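Please brief me on selected features of this model.

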Amino acid sequence: MTTKLEVTDVFTPRNSNVNLNMYIHRPELEKSLLRSVKRNTHTLVFGESGNGKSWLYKKVLDENNIPYVVVNCANASRRNSITEVIYESIIPPGTAQKLGYDEDKKAEVNAVFAKGALNHSAKYELSQEEPLLRAFKHFNSLHSQKKIIVLDNLESIFDSAELMDELANIIILLDDSAYSENNVNLLIVGVPNDVLHYYRATKNLESVANRITEARKVESLDFQQVYHLIKKGFELLEIDILGPDLMKLTTHIYSVTLGIAQRVHEYGEHLAYAIQDNDGIYETKLIENTDFNWLIESFRQTYQVIEEHLNSRETTVARRNQVIFCIAKIMQHQFDSNDVERLIREEFPETIANTNMGIGAILATLSRGEKPLLNRNSKNNNYSVRDARYIMCIKLMLSKKEDSSGVSQRKLQR
């Protein structure tokens with residue numbers, strides 16, 4: 001008899017271990033990563049938080065039987081040492097280490113009337129190797145083939161010049177014969193996409209970039225991948241969602257999660273519980289409840305930031321609210337005031353004034369303050385949203401009024 005799976009067995013947004021039942025194959029990313037780690041260089045994997053970088057490298061390394069240890073850069077930041085954390089990841093505290101040895105020697109002596117032996121004992125201390133080299137040798141003693149040290153969460157040390165310099169020195173050291181003979185390479189994983197530029201621009205470290213291969217960026221899931229993940233998840237939970245409803249549901253989930261894998265899992269988890277509470281029956285009305293519950297649990301602080309940027313009082317047009325609403329609909333990463341104005345004319349045609357709508361000034365305001373929504377590129381006057389969570393939250397908390405006269409705000413209290 002097959003045991004029915006729990007919701008938390010299927011939708012696992014914060015599970016560091018790969019959920020094989022729900023893993024979405026991404027052939028091009030997997031191929032790029034595998035080819036890179038097989039080279040005699042170090043590999044950089046980057047992409048926005050939640051896009052599945054950790055599941056990707058674990059799946060590829062495990063599937064190809066490549067030994068690896070994971071070093072969390074957040075811990076290196078806390079300890080102010082990458083070397084120390086690498087050492088303890090390979091040689092855990094408490095591991096017995098040979099620090100010396102005793103030697104007994106016997107020498108025969110001849111006397112006139114007897115033959116015997118003299119014992120001589122000596123104690124020797126082994127000179128201690130540099131910790132990183134000792135860790136590599138220990139790692140090599142466990143596995144003869146190529147080995148990988150994964151430096152995960154690079155963003156934790158990216159703003160520390162001291163730790164980034166240490167990382168550069170480790171990268172260069174691995175070309176030294178004493179280190180390279182242990183057949184160990186680094187897999188550097190994190191959000192920043194300008195690591196190579198960082199090292200090229202840093203004095204005397206140009207050679208670091210030449211030792212790193214950049215694998216393909218880990219992007220969000222596309223629509224078909226989100227569809228497959230949602231379909232598979234609810235099939236595993238034995239919840240029936242018919243074809244047209246499944247397509248409509250996937251369209252909504254893809255829109256509000258931006259295809260970010262972790263967020264798709266979060267939404268699926270909330271929806272699955274809503275269906276359980278509805279006697280196991282899926283109805284489209286559950287989408288609104290799921291939106292609200294997901295908003296409360298995952299975006300409460302983000303909600304407060306966005307709310308501070310909305311019009312402080314109800315105005316006839318509330319243009320700033322329209323601008324924020326339209327920002328979440330822009331598909332490209334960077335945009336300017338013309339892009340926003342075009343969308344406002346499409347979404348709110350009845351509110352268009354004959355005079356300048358002041359979109360540029362509003363965007364500039366949204367890029368200032370202690371908690372700005374936007375980044376501004378001063379060179380071309382383009383903007384980008386500072387955090388993908390802002391876009392997701394805007395989609396959940398703002399909606400267009402039925403008469404297209406303005407924007408309605410979903411309140412956190414019901």
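The points below cover a sheet, a loop residue and a helix.

This is a predicted model, in which local features need pLDDT of at least 70 and side-chain atom pairs count only at pLDDT 80 or more, while totals for chains, interfaces and linings use all residues. Residues are numbered from 1 along each chain as its sequence is written, and side-chain values use heavy atoms, with hydrogens and water left out. Helices (H or I, at least four residues) and strands (E, at least two) are DSSP runs, numbered from the N terminus.

**The sheet**

- Five strands form an open sheet in the order β2-β5-β6-β1-β7, with parallel pairing. Two strands pair if DSSP finds at least two bridges between them.
- β2 (68-72) and β7 (212-214) are the edge strands; each has a single partner strand, so one side of each lacks a neighbour in the sheet.
- On average, neighbouring strands are turned by 25° against each other, direction ignored. Axes are lines fitted to C-alpha atoms, for helices over the stretch in contact, and angles run from 0 to 180 degrees between N-to-C directions.
- β1 and β6 (residues 184-190) run parallel and are joined by four bridges. L44 stands opposite I188 in β6.
- β2 and β5 also run parallel, joined by five bridges. Here V69 stands opposite I149 in β5.

**Faces and cover**

- In a regular strand the side chains alternate between the two faces of the sheet.
- The covered face of β2 holds V69 and V71. Its uncovered face holds Y68, V70 and N72.
- Helix α2 lies across β1, β5 (147-152), β6 and β7. It runs at about 155° to β1.

**T41 in its loop**

- T41 sits in the loop between α2 (27-38) and β1 (42-46).
- T41 counts as buried because its relative accessible area is 19%. The classes are buried under 20%, exposed over 50% and partly exposed in between (1.4 Å probe, protein chains only).
- Leaving aside residues up to four places away in sequence, T41 touches S36, N185, R211 and T213. Contact means heavy atoms within 4.5 Å.
- The side chains of T41 and T213 are joined by a polar contact of 2.8 Å. Such a contact is a pair of N or O atoms within 3.5 Å; within protein, one must be able to donate a hydrogen and the other to accept it, and residues adjacent in sequence count only if both atoms are side-chain atoms.

**Helix α14**

- α14 (residues 286-298) has 13 residues and should span 18 Å at 1.5 Å a residue; its end C-alpha atoms are 18 Å apart, which agrees. The expected span is 1.5 Å times one less than the number of residues.
- Buried residues in α14 include L286, I287, F292, W294 and L295.
- Their cover includes α12 (243-257), α13 (261-277), α15 (300-309) and α19 (388-397).
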